[in-house]
Every structure is written in C-alpha cells, then in structure tokens.
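Here is a short briefing on one protein chain. Keep the sequence and the 3D view open as you read.

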Amino acid sequence: MLVAQSLKPYFDTSPFPHRLSSQGLLANRQSSASGGLSRMATVLFLCMVVPWLATVSGSSLDQTSQLILGRVPARHRAGYYLESRRTKRALPAHREDGVLDDEPDDGPIAGGDASDLPTCLLCVCLTGSVYCEEVSPDMTFVPSLPKETAYLYARYNRIKKIAAKDFADILTLKRIDLTGNLISEVEDGAFSKLPLLEELSLAENRLVKLPMLPAKLTAFNANHNLLKTKGVKATAFKKLTRLVNLFLADNQLEAVPHLPESLRTVHLQNNNITEISIDTFCKGNNTYYLRPNLNVVRLDGNPVILSKYPNSCTCLKALPIGRYH
C-alpha cells in the first residue's frame, strides 16, 4: 500500500497500470536535472575550498615551527654541528634559505680566539680522551681538560709553550700527543710530575732543550725538532727504567745520549753524530756484557762511519743501521 501511494504521482489512473504518465515522466526529469546541478555545485565548491585550507594550514604550521625556540630543520642542525667539528675550514659566507637572519650563530668563527670556546666544543671529548687536532680557530695553548682525561691528542695546532700549570691538575694522563705544533719552550715540571704518563710525543716542534720526563715513561718521540747535544742532559734518560722506544731522529745531535737498559728501539737517524765510543751501547770494561733487549738502532743519515768502531757494537744482537764505508 505504501509503495503504491509513493509511486502514484508517476502513474496514470487509467486501466493500464504499468504505463508512465507524461506528467510523471516530466516531473522525474526535472527532479534529476535539479539534483545533478546541486551535486556539481558541491564538487566545485570543494575543489576550491580544500586546496585553500591546505595552503593556509601549511603556512601557519611552518610559521609556528620557526617561532619555537630551537626548532630548526634537520638539514640545518646537521650542518651546524658538522661545521663546529670541521678543522681548518671557514664557515659559509651566507646562511641557507629558511634560517632566520636574526638567529645567533654559536659555532666557531674563523679567525676568532679559541679561548672563548669551551674545550669540548672546540675539541671532541670522549670518555677519558680529548681530541683537539687541527682546531679552527687556531689553538695556541693547551686547553683546559676534563679531570678524568687520560689521553690527549692536540696535534697540528699552533701551541707555542707548555706551562707547568697546563697539566698540573690532570694526574690521570697516560698519553700526550703534541705532534706538529710550534712548541719551543716547556716549563720545568710540566710533564715530570705526571705519575701515570707513559707515552709522550713532542715530534715536529721547535724544541732546543729537552724537558724533564716522568719516570714511568715507556715511549718518547722528539723527532723533527732543533735539539742539540747541549740541550739534552747526560742523565736525561738514565732514570727512565721503563723506556722502551726512543725517537730522536731529524735533530742536530752531535753525540748519542745515555741509553737506559730497558730500550728496544732507538732512532737517531739524520743528526750530526760524528763518532761513537765503546761505551755508547756497551760497557767497555765488561767484555761479557750483552744488551738482548736493544733490537733496533738507527744511525743512518749521520756522518759517523760505523766500521771504524768495531768494538762498540759487540754487545748488541744486531748491528746498527748506518754507514759502514
């Protein structure tokens, strides 16, 4: 009954109940046309409004993110920290797009003073180790070190002097590498008062005088300096009973210094050594004396002709490397 009543406007009341009337068909067409126009208007409205809303929301979000303290795109954060770790490179002349012009730049400034920066921003600090290699701006002094520092690598900087106070409070140091600086002066006690120091490198500097060294030292490197025999005390290495490796190559030494019994390797090449004696490596008054630990002795690049001193190497396991004719 309900279905019949709902369909009544579309059908004629003639004896042929299944034939659509002309009035019902026209009303159906008008209703369909009106619905199609309504749907088309809705689609057009959505096509215009949705993109506009997306644009406004994105712009608002971007502005908000720039205003949040410390909120900088990842690519800029990565670049900032990378530049703070790079050495011997200047910062970019201009900032990338998207970074606010009034943001403070906390990174190191080329040509600035390294003393203005904390050690662990200027250098790389790991547990017990500090790496200050080729620091920019130029490092001209030993930086303040964390109390637990055991290993310091401050190579290829422009450090000119080692003061006694530089390591006075860092009694945990086991290794110090100052290769490739401009060091010409080391104050008394700068290294000798470090009870745990085992390895020390002062290679490629401008030393004319050898500093006092700690008793537990096992390796010492002073290659490529300006050392002469008068700048090396006769007893400089005598008390170093644990010294294993001694490197004094490419200096201006005229004689071989006293060598402790514990040595295994000695590099004295490219100096001005003109002669050796029977007591240089052995003990002249003891023909049974042997030095089984001393395996490598380099005297090449010196004026001395080793064949003139046949009795000077009888206690060694192997002949020194150098000139024999």
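Y153 counts as buried, at 12% relative accessibility. Its ring stacks on that of Y131 in an aromatic pair, with 5.0 Å centre to centre and 5° between the planes. Y131 counts as partly exposed, at 31% relative accessibility. Bear in mind that this is a predicted model.

**Aromatic pairs**

- The whole structure holds three aromatic pairs. Among them are the Y131 and Y153 pair and the F220 and F237 pair.
- Y131 sits in strand β2 (residues 129-131) and Y153 in strand β3 (residues 151-153), so their pair ties together parts 22 residues apart in sequence.
- The F220 and F237 rings have their centres 6.4 Å apart and their planes at 50°, so this pair is tilted.
- F220 belongs to strand β8 (residues 219-221), while F237 falls in the loop between β8 and β9 (245-247). The two are 17 residues apart, and the pair links distant parts of the chain.
- Are F220 and F237 buried or exposed? Both F220 and F237 are buried.

**Chain overview**

- The chain has 325 residues, and 35% of them are buried.
- Its secondary structure comes to four helices and 11 strands.
- The accessible surface is about 20300 Å². Carbon and sulfur atoms account for 56% of that surface.
- Take the contacts in the chain with a separation of 6 or more: 42% of them are between residues 24 or more positions apart.

**The sheet**

- Nine strands form an open sheet with mixed pairing. The order is β1-β2-β3-β5-β7-β8-β9-β10-β11.
- Which strands form the edges? They are β1 (124-126) and β11 (296-298), and each pairs on one side only.
- From one strand to the next, the twist averages 5°.
- Strands β2 and β3, which hold Y131 and Y153, are neighbours in the sheet order.
- Strand β10 (residues 265-267) pairs with β11 in the parallel sense, over three bridges.
- H267 stands opposite R298, a residue of β11.
- Strands of a sheet pair through backbone hydrogen bonds, either parallel or antiparallel.

**Disulfides**

- How many disulfides does the structure hold? There are three.
- A disulfide is a covalent bond between the sulfur atoms of two cysteines.
- With the bonded cysteines numbered in sequence order, the pairing reads 1-3, 2-4, 5-6.

*C120 and C125*

- C120 is joined to C125, S to S 2.1 Å.
- The torsion about this S-S bond is about -95°, so the disulfide is left-handed.
- C120 is partly exposed, with a relative accessible area of 36%. C125 is also partly exposed, at 27%.

*C123 and C132*

- C123 is joined to C132, S to S 2.0 Å.
- Here the torsion about the S-S bond is about 105°, so the disulfide is right-handed.
- C123 and C132 are both buried.

*C282 and C315*

- The sulfur atoms of C282 and C315 lie 1.9 Å apart and form a disulfide.
- The torsion about the S-S bond is about -90°, so this disulfide is left-handed.
- C282 is in the loop between β10 and β11, and C315 is in the segment after β11. The two are 33 residues apart, and the pair links distant parts of the chain.
- C282 counts as buried at 7% relative accessibility. C315 is buried too, with a relative accessible area of 2%.

- C313 counts as buried, at 9% relative accessibility.

**An exposed loop residue**

- D188 is found in the loop between β6 (185-186) and β7 (199-201).
- D188 is exposed, with a relative accessible area of 60%.
- D188 and A163 are 25 residues apart along the chain. Their C-alpha atoms are separated by 8.2 Å.

How values were computed. Residues are numbered from 1 along each chain as its sequence is written. This is a predicted model: local features need pLDDT of at least 70, side-chain atom pairs count only at pLDDT 80 or more; totals for chains, interfaces and linings use all residues. Side-chain values use heavy atoms; hydrogens and water are left out. Two strands pair if DSSP finds at least two bridges between them. Axes are lines fitted to C-alpha atoms, for helices over the stretch in contact, and angles run from 0 to 180 degrees between N-to-C directions. Buried means under 20% relative accessible area, exposed over 50%, partly exposed in between (1.4 Å probe, protein chains only). Contact means heavy atoms within 4.5 Å. Accessible areas come from the Shrake-Rupley method with a 1.4 Å probe; for residues, only the protein chains shown count as cover. A disulfide is a pair of cysteine sulfur atoms within 2.5 Å. Rings of Phe, Tyr and Trp (its six-membered ring) pair if their centres lie within 6.5 Å; planes under 30 degrees apart count as stacked, over 60 as edge-to-face and the rest as tilted.
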